[in-house]
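Below is a short briefing on one protein chain, grouped by topic. Please keep the sequence and the model open while reading.

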Amino acid sequence: MKGSFKRLTRIFLTYGAKIVSILLAVSIISFILVSASPVDPVQQYILGLGTAVSPEQRLEIEAYWGVNEPPVERYLSWLWEVLHGNLGVSSLYRRPVADIISERFFNSLALMVWAWGLAGSMGFLIGCIMGMYRSRWPDKILKKICYIFSSVPAFWLGLVLLLIFSVWLKWLPIGFSSPIGMLHEEVTVWQRLYHLILPAFTLSLMSFANIALHTRQKLIDVLNSEYVLFARARGEGRWTILRRHGLRNILLPAMTLQFASFSELFGGSVMAENVFSYPGLGSAVSAAGLNSDVPLLLGLTLFSTLFVCTGNLIANLLYGIIDPRIKEAGQ
């Protein structure tokens, strides 16, 4: 018991140090890119006010934001505030960045969890079918479908699905996370799920193909192995071999790719949320980039990096449960 606790503590400390170093590197790179942007954040802020600003007032805004300070000094000042839990105030929404992230996070989390689960299950199932019927017509048709969806832009697919299911068939809502005109407290869970169907389905279609193709190749390698040939010689059927010998060997690579797709899923959610006017972190990232909202953009970058690293940590902890050989090697 003590050995397991020490091992888990060592894993968390090691991975925690890696996360801190990654966050530091991402913050430096993001700050450099934002500083090199040709868009003037002060000018964008003034345009957002909608009123005329005198040159003296503009100088006061620049002094308050520290725009004229050296980049290194501005970064260290911003980093010091972040370490104290202050991500700054959004110039676009006129609210603390932490409040905006916490408010929109659950909307994006619901969208990504549904899309992530649907893409993983659908990709794994289709990959197993392609592997079991390799070089036959189910494999050829499904493989072409995977190639098509892996190359289609997310925004184009979202617009097509929106046109079909919302405009023509009128089966699903045209956008947003709740019915228009209803208060937040009045919206039911079923109404939120109803508005979540189309964006989650669109996002899942963008990421299932890689899992399906990867699972197919891994299953083909397993079926060509010697112990599977021996199982066939003993008279085991196709689906018995898949259940006894295939699933555990292909589940770990599929899960690795599934958790690694967190970053791609977050990137796809930016397009999906903008197409469906879904109020999540993705639409906030787009708005912050277009309006040069530096505090919000940096805060969302750090949060998305932390989100991806957390997903990878969960995957590493689950590896030992799925494949005991990894747990024994670690011991």
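Arg 104 is found in helix H5, residues 97–132; helices (H or I, at least four residues) and strands (E, at least two) are DSSP runs, numbered from the N terminus. The model is predicted: local features need pLDDT of at least 70, side-chain atom pairs count only at pLDDT 80 or more, and totals for chains, interfaces and linings use all residues. Residues are numbered from 1 along each chain as its sequence is written, and side-chain values use heavy atoms, with hydrogens and water left out.

**Arg 104**
- Arg 104 is buried but has no salt bridge, and the nearest side chain of opposite charge, Glu 103, is 4.9 Å away.
- Buried means under 20% relative accessible area, exposed over 50%, and partly exposed in between (1.4 Å probe, protein chains only).
- A salt bridge is a side-chain nitrogen of Lys or Arg within 4 Å of a carboxyl oxygen of Asp or Glu.
- Lys and Arg count as positive, Asp and Glu as negative, while His and the chain ends are not counted.
- Leaving aside residues up to four places away in sequence, Arg 104 touches Tyr 93, Pro 279, Gly 280, Leu 281, Ser 283 and Ala 284; contact means heavy atoms within 4.5 Å.

**Salt bridges**
- The count comes to two salt bridges by this rule.
- In one, Glu 103 pairs with Arg 95, and their closest N and O atoms are 3.2 Å apart.
- Glu 103 is partly exposed, at a relative accessible area of 45%, and Arg 95 is also partly exposed, at 30%.
- Asp 139 forms a salt bridge with Arg 216, with the closest N and O atoms 2.8 Å apart.
- Asp 139 lies in helix H6 and Arg 216 in helix H9 (residues 208–223), so this pair ties together parts that are 77 residues apart in sequence.
- Both Asp 139 and Arg 216 are buried.

**The chain as a whole**
- The chain has 15 helices and zero strands.
- Its C-alpha atoms fill a box of roughly 85 × 60 × 40 Å, taken along the principal axes.
- Of its 331 residues, 39% count as buried.
- Among contacts in the chain with a separation of 6 or more, 72% are between residues 24 or more positions apart.

**Confidence**
- The chain has a mean pLDDT of 81, and 90% of its residues reach 70 or more; pLDDT is the predictor's confidence in each residue, from 0 to 100.
- Confidence is highest in helix H6 (residues 137–151), at a mean of 90, and lowest in helix H15 (residues 324–330), at 51.
- Where pLDDT is low, the predicted coordinates should not be read in detail.
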